[in-house]
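Thanks for coming. I have one structure to go through today, and I will keep to the geometry.

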Amino acid sequence: MKKTTLSVLLLITLMFITNFIVSDAASAPNPVLDTTGKMVRAGFNYLVVPVRKDLGAELGLAFIGTQVCPLGIGPRLNPNDGILPVIFSPVNSRKGVIRESTDLNVEFLETYTICKHLSNVWRLDRYNPQEEDHHVITNGGVRGNPGRDTIANWFKIVKYGAGYKFLFCPSVCNYCEVICKNVGILVQNNGQALLALSNEPLEVVFKKM
């Protein structure tokens, strides 16, 4: 009798765990996929490649106008410039798969040391919900520590067209006033496109290194 009761309890427990896992997987946002159709994972190296080939190659560092610092981010125009892969770090560091519409940090693996306070982590320049003109830069970016002090460092990846787009609409601070806007491009006079908040998003794909 005891064996039967134990077996029933074990069966109920297994059914509960299975239902919980299935339910959790079903409620999770879709995973972001790379160019081979595989799931994009935290900590792995990827190139961020614009779908529009006329803009240039994969994303890297770029000067904003004539100023040296801070450095902006844009498609690589010079083929002699080194490639800069990125890694993604989700707000929940225990999650290994990058999922759509979830807060994450984007970080270059290598950067130049020309600018003081240069960071590898993407962030919004001069974050102010009342302003319209915001470039995406690397100066002062911080990975992790979600909250008011790091609100400018969080982006989301959203399905768009045949690829994806970056969205700035952080959910890491419940009481903060935030901007919700696509990450698109501003083209400078020299032809260099720079990442900036825009009504028109930049469509990109992710190529695993």
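I will take the aromatic residues, then some strands, then the disulfides, and end with a few loop residues.

Some bookkeeping. This is a predicted model, in which local features need pLDDT of at least 70 and side-chain atom pairs count only at pLDDT 80 or more, while totals for chains, interfaces and linings use all residues. Residues are numbered from 1 along each chain as its sequence is written, and side-chain values use heavy atoms, with hydrogens and water left out.

Aromatics, then. Rings of Phe, Tyr and Trp (for Trp, the six-membered ring) pair if their centres lie within 6.5 Å; planes under 30 degrees apart count as stacked, over 60 as edge-to-face, and the rest as tilted. There are eight aromatic pairs in the structure. One of them is F108 with W122, a tilted pair with 5.8 Å from centre to centre and 55° between the planes. This pair links distant parts of the chain, with F108 in strand β5 (residues 104-108) and W122 in strand β6 (residues 118-124), 14 residues apart. Strands here are DSSP runs of E, at least two residues long, numbered from the N terminus. F108 and W122 are both buried, where buried means under 20% relative accessible area, exposed means over 50%, and partly exposed is in between, using a 1.4 Å probe and protein chains only.

How are the rings of W122 and F155 arranged? Their centres are 6.3 Å apart and their planes are at 85°, so this pair is edge-to-face. It also links distant parts of the chain: W122 is in strand β6, and F155 is in the loop between β7 (136-139) and β8 (156-160), 33 residues away. W122 and F155 are both buried. Taken together, Y46, F88, F108, W122, F155, Y164, F166, F168 and F206 form one aromatic cluster.

Y164 has a further feature. The charged end of K159 sits over the ring of Y164, 4.7 Å from the ring centre; the criterion is NZ of Lys or CZ of Arg within 6 Å of the ring centre and within 35 degrees of the ring normal.

Now the strands. Strand β9 (residues 163-168) is mostly covered, with six of its six residues buried. β9 pairs with β8 in the antiparallel sense over five bridges, pairing being defined as at least two bridges found by DSSP between two strands. Y160 has G163 in β9 as its bridge partner. β8 and β9 form a hairpin with two residues between them, and G161 in the turn has a positive phi of about 60°. β9 also runs antiparallel to β10, joined by two bridges. There, F168 has K181 in β10 as its bridge partner.

Next, disulfides, meaning pairs of cysteine sulfur atoms within 2.5 Å. By this rule the count is two. In the disulfide between C169 and C180, the sulfur atoms are 1.9 Å apart. The torsion about that S-S bond, between C169 and C180, is about 50°, so the disulfide is right-handed. Buried or exposed, where does C169 fall? C169 counts as buried because its relative accessibility is 17%. C180 has a relative accessible area of 48%, so C180 is partly exposed. The other disulfide joins C173 to C176, with an S to S distance of 1.9 Å. The torsion about the S-S bond of C173 and C176 is about 65°, so this disulfide is right-handed. C173 is buried, at 7% relative accessible area.

Finally, the loop residues. S101, in the loop between β4 (86-90) and β5, has a positive phi of about 60° although it is not a glycine. S101 is partly exposed, at 43% relative accessibility. N145, in the loop between β7 and β8, is another residue other than glycine with a positive phi, near 50°. N145 is exposed, since its relative accessible area is 58%.

D125 lies in the loop between β6 and β7 and is buried, at 14% relative accessible area. Leaving aside neighbours within four places in sequence, D125 is in contact (heavy atoms within 4.5 Å) with H134, H135 and I137.

Q192 is buried, with a relative accessible area of 10%. A polar atom of its side chain lies 3.0 Å from the backbone oxygen of P75.

Key
A polar contact is a pair of N or O atoms within 3.5 Å; within protein, one must be able to donate a hydrogen and the other to accept it, and residues adjacent in sequence count only if both atoms are side-chain atoms. Helices (H or I, at least four residues) and strands (E, at least two) are DSSP runs, numbered from the N terminus.
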